[in-house]
Protein chains: 2
Amino acid sequence: MSSTQPPINFTRGVPADESYPLEQVADCAGSVLTGKYGTLSMQYGSSLGFLPLREWLAAQHNVTPDHVMLGNGSLQLVDFLAHGLLEPGDLVLVESPTYDRTLTLLRRAGARVQGIPLESDGPDIAALEALLQQATPKLIYLITDFQNPSGVTTSLRKRQRIVELAEQYGFGLIEDAPYRPLRYRGQAIPTLHELAPKRTLHMSSFTKQISPGVRVGYMVGEPARIKQLAKVAEDTYIAPNVLGQAIVYEFCDRGLLEPQLERLRKLYGARLEAIGAALRAELPEARWIEPDGGFFLSVWLPQGVSNAELRQRAAEVKLNLTDGRAFFPNANDGDRFLRLPFCALTADQIKEGVRRLASIAG
Amino acid sequence: MSSTQPPINFTRGVPADESYPLEQVADCAGSVLTGKYGTLSMQYGSSLGFLPLREWLAAQHNVTPDHVMLGNGSLQLVDFLAHGLLEPGDLVLVESPTYDRTLTLLRRAGARVQGIPLESDGPDIAALEALLQQATPKLIYLITDFQNPSGVTTSLRKRQRIVELAEQYGFGLIEDAPYRPLRYRGQAIPTLHELAPKRTLHMSSFTKQISPGVRVGYMVGEPARIKQLAKVAEDTYIAPNVLGQAIVYEFCDRGLLEPQLERLRKLYGARLEAIGAALRAELPEARWIEPDGGFFLSVWLPQGVSNAELRQRAAEVKLNLTDGRAFFPNANDGDRFLRLPFCALTADQIKEGVRRLASIAG
C-alpha cells in the first residue's frame with residue numbers, strides 16, 4: 001500500500017457532504033427571517049418546539065399537534081425519555097446490537113439494560129419471551145427500520161408480536177426510526193406506532209433527511225406523555241433551536257422534502273448496490289446483513305478474528321473501522337461484529353475499502 | 001379597570017421582540033450556507049461547537065480556543081456541569097435569590113443546595129464564611145452582573161473576597177454572566193474568571209445579545225474541565241446546533257455585534273430609566289434594587305404582603321407577576337420578593353404596569 005493513498009473511513013454514520021441542499025436551506029432561512037415567522041424564530045419558543053412544524057409533522061403521522069414534540073436532534077429526546085420515564089434500576093430492553101449512544105444515555109440514567117439478540121428479520125422473539133418471563137421491563141427500545149448498527153429491518157410479523165407482548169405485559173415501546181424515509185428497495189412496513197399508537201413513542205429526525213446541522217429531531221406519542229417530556233425539556237434548555245425548526249418547516253412547507261428524499265435514495269441506493277457487489281466479489285464467504293435502506297450494512301467476522309486484531313491490521317492498510325463491541329449491551333457479544341456505514345463514501349471508495357477489508361480478513 | 005385594557009406582563013425575562021436584527025441575521029445565514037462554511041454548518045460538528053466561533057470568543061476572553069465550549073443556550077451547559085462535575089449529595093452554594101432554572105437542574109442532579117443571602121452589592125460575605133465553617137461546597141454558582149432575578153451586581157471587593165475563599169477552601173466558581181454586555185451606566189467590574197481563571201467556569205450566551213432563537217451559549221474555563229464537559233455534551237446530543245453557531249460567528253466576524261449591543265443598551269437603558277422613574281413616582285416607600293444593566297429590577301414588598309395575595313390582586317387589574325418564591329433555595333424566604341423584568345416592555349407599558357402595581361401594593 002502506498003503511503004500517499006488516502007484512508008477509507010468505515011466509521012461514523014453521517015450523511016454525505018454532497019447531500020446537503022445548501023442553496024435551498026439558505027433560501028428558506030432568508031424567507032423565515034425576513035417573513036412572518038422572523039421574530040418568532042428569534043424569540044424563546046415553547047419547549048415543545050415550533051408549532052407550524054409540529055402541525056406539519058402531525059399531519060404526516062395522522063395525529064393532532066399535541067402528539068408531537070421537537071428537540072435538538074433525536075438523541076437528546078432519548079435523554080429526556082431517560083430523565084422523564086425511568087427511575088434508577090428500571091429495566092430497559094434493547095436489541096443486541098443497538099445504537100451505542102442510546103446505551104450510554106440509558107446507563108447514565110441508571111437503567112438496567114438487557115439485550116434481545118437481533119436476527120436478520122428483527123429481535124429474537126423466543127429470547128424476548130424468555131426475558132419477559134424473568135422480569136417486565138419499563139420500556140423496550142427498538143430501531144425497526146434499517147437498524148443502526150446492523151441494517152436489520154424488523155418484519156411485520158415480529159412487529160405484531162412485539163405489540164401483543166407490550167399489551168400483555170404492559171411495557172412501553174420506543175421506536176427510533178430516523179432511517180425510515182431512506183428505503184432504497186422493497187415496501188415500507190407499518191411502524192410500531194401505527195400498530196400500537198397508545199403504547200409507542202415514535203422518534204425520528206431531519207438529520208438524515210436534510211442535515212445534522214439544523215439539529216431537529218422529533219417524537220410522536222400520547223399527549224400526556226409528550227407534555228411530561230416537554231417539562232423535562234423546558235427544565236433542561238427552556239426552548240430548542242427555534243430558528244433551525246422554522247427553516248425545516250419552510251423547507252417542508254415548500255414541498256422540498258420529498259424531492260430531497262428522492263435525491264438521497266438515488267445517491268445512497270447506488271452506494272448500497274456498490275457495497276453489496278464489492279462484498280460478493282471480495283469476501284464471498286463472509287456473513288453479512290444487506291439492508292434495504294438506511295446507512296449501515298453489518299458483517300460478522302469469521303470465528304477466531306477479533307475486532308481489536310482486525311482494527312489493528314486495518315489501520316496498517318489505512319482502513320478505519322469502528323469497534324463493534326460498543327453496540328452490544330454485553331460488549332463481548334460484539335467481538336466479531338463490524339458495522340460498515342456506506343452512505344458517506346463514493347462507490348470507488350466503497351470498492352477500495354472492501355478490497356482492503358478482504359486483504360486483512362479474507 | 002376597563003376589561004378591554006391589555007394585560008401588562010412583568011413575568012418572563014426575554015429580549016424585546018423589536019431588538020432582533022432580522023435582516024442582518026438573514027444575510028449572515030445566506031453567507032454561511034452558500035459560502036465556505038456551508039457544508040461544515042450542515043454536517044455533524046464537534047461537541048465543543050463551531051471552531052471559528054470558539055476562536056473568536058477565545059480572543060475576546062484572552063484564552064486559547066481549547067478554553068471555550070459552545071452549547072445550545074447556556075442553561076444546557078449548567079446541566080452538563082451538573083452531570084459532569086457533581087455527584088448526588090454534593091453541596092452547591094448559590095445566591096439567595098438565584099436563577100430558578102439553575103436551582104431545578106442542580107436539584108435534578110441530586111445536589112444539596114444552600115443559599116447565601118444576597119445584599120445590594122453581592123453575596124453576604126459573613127454569611128458565606130459561616131456556611132464555609134460548616135462544610136466545603138463543591139461549587140458556588142454566582143450571577144455576578146445584573147443578577148437574575150434581583151438586578152444586583154457583586155462589588156469588586158466582594159468578588160476578590162470570594163476568590164480568596166475559593167483558594168482557601170478549594171471550591172470551584174461558576175460565573176453565569178449573560179447580562180454582562182448589557183451595562184447601561186457605570187463601569188464594568190472584572191469578572192471572577194479574570195480574577196481567578198483556574199478556579200472559574202465563566203458562562204454566557206448570545207441569547208440576550210442577538211437572540212434566543214439562535215440557541216448559542218458558551219463556557220470559558222480550564223481546558224481539562226472543558227474537555228470533560230464536552231464528553232458529557234457528546235453523550236447527550238452528539239453535536240450542538242452548528243448552523244446557529246456559524247450564523248453567530250458570521251455576525252461577530254462582520255463586526256455587527258458591538259453596534260447591536262449599542263442599540264440594545266440604548267433601547268433597554270431608556271426602559272431602566274422609565275421603571276426607576278415610575279417606582280419613584282408611584283411607590284416611593286417601596287424598597288427596590290435598581291440595577292445598572294441587564295433585564296431585572298427587584299422589589300421587596302412591605303411586611304405583611306405575601307406574593308400569593310399580591311399576584312391574586314394583580315390578576316384582577318390585569319397585571320401578571322412571577323412568584324418570587326421560585327428564586328429562593330428556601331421558598332419561604334421569597335414571600336415578599338418581586339422580580340420586574342423591564343426590557344420587553346415599552347416605557348408606556350412600564351409606567352402603566354407600575355401604576356397598577358401601586359394600586360394594589362401601595
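Reader: In what order do the strands of the open sheet of chain B stand?

Author: The model is predicted: local features need pLDDT of at least 70 and side-chain atom pairs count only at pLDDT 80 or more, whereas totals for chains, interfaces and linings use all residues. Residues are numbered from 1 along each chain as its sequence is written, while chains are lettered from A and ligands numbered from 1 in the order in which they are written. Strands (DSSP runs of E, at least two residues) and helices (runs of H or I, at least four) are numbered from the N terminus, and two strands pair if DSSP finds at least two bridges between them. In chain B the eight strands form an open sheet with mixed pairing, in the order E2-E9-E8-E7-E6-E3-E4-E5.

Reader: Which strands of chain B are the edge strands?

Author: An edge strand here pairs on one side only. In chain B this holds for strand E2 (68-71) and strand E5 (122-123).

Reader: What is the bridge partner of Met203(B) in E9(B)?

Author: Strand E8 (residues 200-205) of chain B runs antiparallel to strand E9 (residues 217-220) of chain B, and four bridges join them. In E9(B), the partner of Met203(B) is Met219(B).

Reader: Why is one side of E2 and of E5 in chain A left without a neighbour in the sheet?

Author: Chain A has an open sheet of eight strands with mixed pairing, ordered E2-E9-E8-E7-E6-E3-E4-E5. Strand E2 (68-71) and strand E5 (122-123) of chain A stand at the edges, so one side of each has no neighbour in the sheet: each has a single partner strand.

Reader: Which residue of E5(A) is the bridge partner of Glu119(A)?

Author: Strand E4 (residues 112-119) of chain A and E5(A) run antiparallel and are joined by two bridges. In E5(A), Glu119(A) has as its bridge partner Gly122(A).

Reader: Are H11(B) and H13(B) roughly parallel or roughly antiparallel?

Author: Axes are lines fitted to C-alpha atoms, for helices over the stretch in contact, and angles run from 0 to 180 degrees between N-to-C directions. Helix H11 (residues 257-282) and helix H13 (residues 347-361) of chain B pack at about 25°, with their axes 9 Å apart. Angles under 35 degrees count as roughly parallel, over 145 as roughly antiparallel, 65 to 115 as roughly perpendicular and the rest as oblique. H11(B) and H13(B) are therefore roughly parallel.

Reader: How many residues does domain 2 of chain A bring to the contact with domain 1 of chain A?

Author: The domain bounds, which come from an automatic or database domain assignment, are 22-253 for domain 1 and 258-361 for domain 2 of chain A. The centres of these domains, taken over C-alpha atoms, are 25 Å apart. Two residues are in contact if their C-beta atoms, placed from the backbone, lie within 7 Å. Domain 1 of chain A brings 27 residues, and domain 2 of chain A brings 26 residues.

Reader: Which element gives the most to the side of domain 1 of chain A that touches domain 2 of chain A?

Author: Strand E3 (91-96), helix H5 (100-108) and E4 of chain A each give two or more residues to that side. The most, three residues, comes from E4(A).

Reader: Which helix gives the most to the side of chain A that touches chain B?

Author: In the contact between the chains, 40 residues of chain A meet 40 residues of chain B. Elements that supply at least two residues of the side of chain A include helix H4 (74-85) and helix H9 (223-237). With eight residues, the most comes from H1(A).
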